[in-house]
Structure formats: structure tokens, C-alpha cells
Amino acid sequence: MGEKFCQYISELAIKSMLYEVSATPKPGLVDRNNAGAHQDMDYYSFMASSAALGHTFYQCALEGLYFYKKDFTLLLDALRPIGIEGERKMFEATGGVNTHKGLIFSLGMIAAAAGTIDSEGLASEINAKKICQRVMEITKGISNRELGKNHQKQPITYGERLFEKYGIKGIRGEIESGFITVRRYGLPMMKKLKKEKNIPINDICVQVLLHLMTVTEDSNVLGRHNLNTLGYVQDAAKKVLRMGGIFTKEGRKNILDLDEVFIERNISPGGAADLLAITIMLFFLDEGKQEVYKG
């Protein structure tokens, strides 16, 4: 399939990002209702950023397509400059605001993994399991190299500071595990809800987000607050789910109430939101090229 397949993968990545931000309501997060617990971005910031990243994901997939070495960890070095250029495009589109840095890394890695699978002539058999296994091969050892005992320099990045403070690996650990949280919680829930009839994609995405919020070691929450606040977020999501989540009147009202509380307390579960976008993309890859949702 080659370059046409790479374009398809890029389109899925952008589509996944757009589905994530469009899901409404999301407590403390940017959605179609409001900007959540954010002062420097809104729904249109995410639109602008998403529109700017299509070529980035295409290049990641292409790099995977033309990678023929046996050691997949070597692919990571080739992907870094693509990711850096993608971040530059994001900042240019948003006026310097970080809307998608985590997803450039995560979805870029998925795109590259898909490219390597296509180069092996297996694109027609592509699925989330194969993608996640390949992502693990590409990122093997990344947490130890960049966060662990071999990491001697002073913490500079957001993730480095959180690892030093809490021992949490954040997005690096999630990617190195082959998106274990997504595979255990997000993807099975999305597949289950998809089988139900007449559930809007919006509501499916919100419900999946709530499930992810109950288990995610959310670096966005920890970066703004602490472990106690993270525990509060997880418990709040569990409470909403016990009410039925987005699918009941009581649950929906509680989500809206929680949004107000999160905004007031400056809580943004952005880590769970990123995992929702990853869930959506892996779901699309499992489903193939079918247009699963009509809106």
C-alpha cells in the first residue's frame, strides 16, 4: 500500500484528535461547551493544531514504511526530528500554546508502527494488538534512558519533573507498555459500547473518558496539583459511572456539575483525554477502513 497507506494513517490520527476534543461534556477539559480549566486555549485552538499536524503523522508513518533494520529502537532516533518539527507547527498554529505535544508523541509512534507493519506486507492484517506490540519494540527502554538511573541531568521537561517527584513515568511509560491502560480499559469499553445500537459517538467517547479517568496516573492533574487531587479525580469519575455516566439524566447532570468544580479548582485530566484519542485511533485501526460511525 505504501504512501497511500501512510496518508490513511495520518488521516486517522487527525480524526482521532478531532473526535476527542469534540466529545462534550468533558470535566475540566476543552470541549464544545467551554475551555475547561484552561485560560490559554479553546476548542478552536485544538482545531488549528490538529489541522497543522497531518503532514507530521504522514512523515512518521513514512519513516516506519522505509525502515528496514532489525532493531526497531533505532527508529526512535529517526522520529525525533519529525516530532520536533510537529511541535513547531503546533506552536505556530496556536500562538505558542501546547495543545497536542503528548499526542504528537503517542499518535506519531502509532503511525510509525503502522508504517513498519505495512513495509512487511501486513497492512491488511493490521490491528491494535500488532500496533501496540510494535510500539513496545520501538520504545523499549525509553523510560530508563530518559527518566531512570541513567538520566543524570537536572529534570527539565514536564515528565522528568513528575518522575523525580512521584516516580510516575507518564506518557513514556504508557507508550513503552504498548498503551497498557488503553488496552485494558479504553479499547474494550469502546468496543463494548460500539456494539450497542443507537449510541452517538459523542456519548461513547465521554463514557470511555470517564472510565479512563478512574485509572489514569494523570500527569496533567499531578503537574497542577498532587496525588490527593488525582485520587479525588479518580473517585469523582467512579461516582459518575455508578450513576450511569453520560447515559443517565443523573449522570449527565453530575458530569456538568463536575465540569464546574474542575474549572473552579483548575483541574484538567488531560492525560486521560490523550488516552481517549489513542483509544479512538486504535479502535479505528481494529475496525479497518469502514466508516463505523455516522455521527
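# Notebook: a helical chain

Entry 1. The cut-offs I use are under 20% relative accessible area for buried, over 50% for exposed, and partly exposed in between, with a 1.4 Å probe and protein chains only. The model is predicted, so I note that local features need pLDDT of at least 70 and side-chain atom pairs count only at pLDDT 80 or more, while totals for chains, interfaces and linings use all residues. Residues are numbered from 1 along each chain as its sequence is written, and side-chain values use heavy atoms, with hydrogens and water left out.

Which residue forms a salt bridge with Glu 120? I found Arg 134, with 3.2 Å between the closest N and O atoms. This pair joins distant parts of the chain, as Glu 120 is in the loop between helix 5 (101–119) and helix 6 (128–138), Arg 134 is in helix 6, and 14 residues separate them. Arg 134 is at 10% relative accessibility, so I list Arg 134 as buried. For a salt bridge I require a side-chain nitrogen of Lys or Arg within 4 Å of a carboxyl oxygen of Asp or Glu.

**Entry 2. The whole chain.** I then looked up the totals. The protein chain has 15 helices and zero strands. Helices here are DSSP runs of H or I with at least four residues, strands are runs of E with at least two, and numbering starts at the N terminus. Of the 295 residues in the protein chain, 54% count as buried.

I also looked up the contacts, meaning heavy atoms within 4.5 Å. Among those in the protein chain between residues at least 6 apart in sequence, 72% join residues at least 24 apart. The accessible surface of the protein chain is about 13,600 Å², and carbon and sulfur atoms hold 51% of that area. Such areas come from the Shrake-Rupley method with a 1.4 Å probe, and for residues only the protein chains shown count as cover.

**Entry 3. Other salt bridges.** How many salt bridges does the structure hold? I have 10 on record. One of them joins the side chains of Glu 85 and Arg 88, at 2.7 Å from N to O. Both residues lie in helix 4 (residues 74–94), three residues apart, which is about one turn of the helix. Glu 85 is partly exposed at 29% relative accessibility, and Arg 88 is partly exposed at 42%. Glu 92 belongs with Glu 85 and Arg 88 in a network of salt bridges.

In helix 14 (residues 249–265) I found Lys 253 and Asp 257, four residues apart, about one turn of the helix. Their side chains meet in a salt bridge of 2.8 Å, N to O. Is Lys 253 buried or exposed? Lys 253 is at 51% relative accessibility and so counts as exposed, whereas Asp 257, at 31%, counts as partly exposed.

**Entry 4. Rings.** I searched the whole structure for aromatic pairs and got six. Among them are Phe 5 and Tyr 8, a tilted pair with 6.1 Å from centre to centre and 45 degrees between the planes. Rings of Phe, Tyr and Trp (its six-membered ring) pair if their centres lie within 6.5 Å; planes under 30 degrees apart are stacked, over 60 edge-to-face, and the rest tilted. Phe 5 and Tyr 8 are both in helix 1, three residues apart, about one turn of the helix. Phe 5 is buried, with a relative accessible area of 2%, and Tyr 8 is buried at 15%.

I noted a cluster as well: ring pairs link Tyr 19, Phe 283 and Phe 284. Lys 15 lies over the face of Phe 284, 4.5 Å from the ring centre. The charged end of Arg 265 is placed over the ring of Tyr 232, also 4.5 Å from the centre. A charge sits over a ring if NZ of Lys or CZ of Arg is within 6 Å of the ring centre and within 35 degrees of the ring normal.

**Entry 5. Backbone.** Where is the cis peptide bond I logged? It runs from Thr 24 to Pro 25, with omega near 0 degrees. Pro 25 is in the loop between helix 1 (3–22) and helix 2 (43–52).

I logged Phe 179 for a positive phi of about 60 degrees, although Phe 179 is not a glycine. Phe 179 is in the loop between helix 9 (170–176) and helix 10 (180–195), and at 0% relative accessibility Phe 179 is buried. Asn 198, not a glycine either, has a positive phi of about 60 degrees. Asn 198 is in the loop between helix 10 and helix 11 (201–213), and is exposed with a relative accessible area of 77%.
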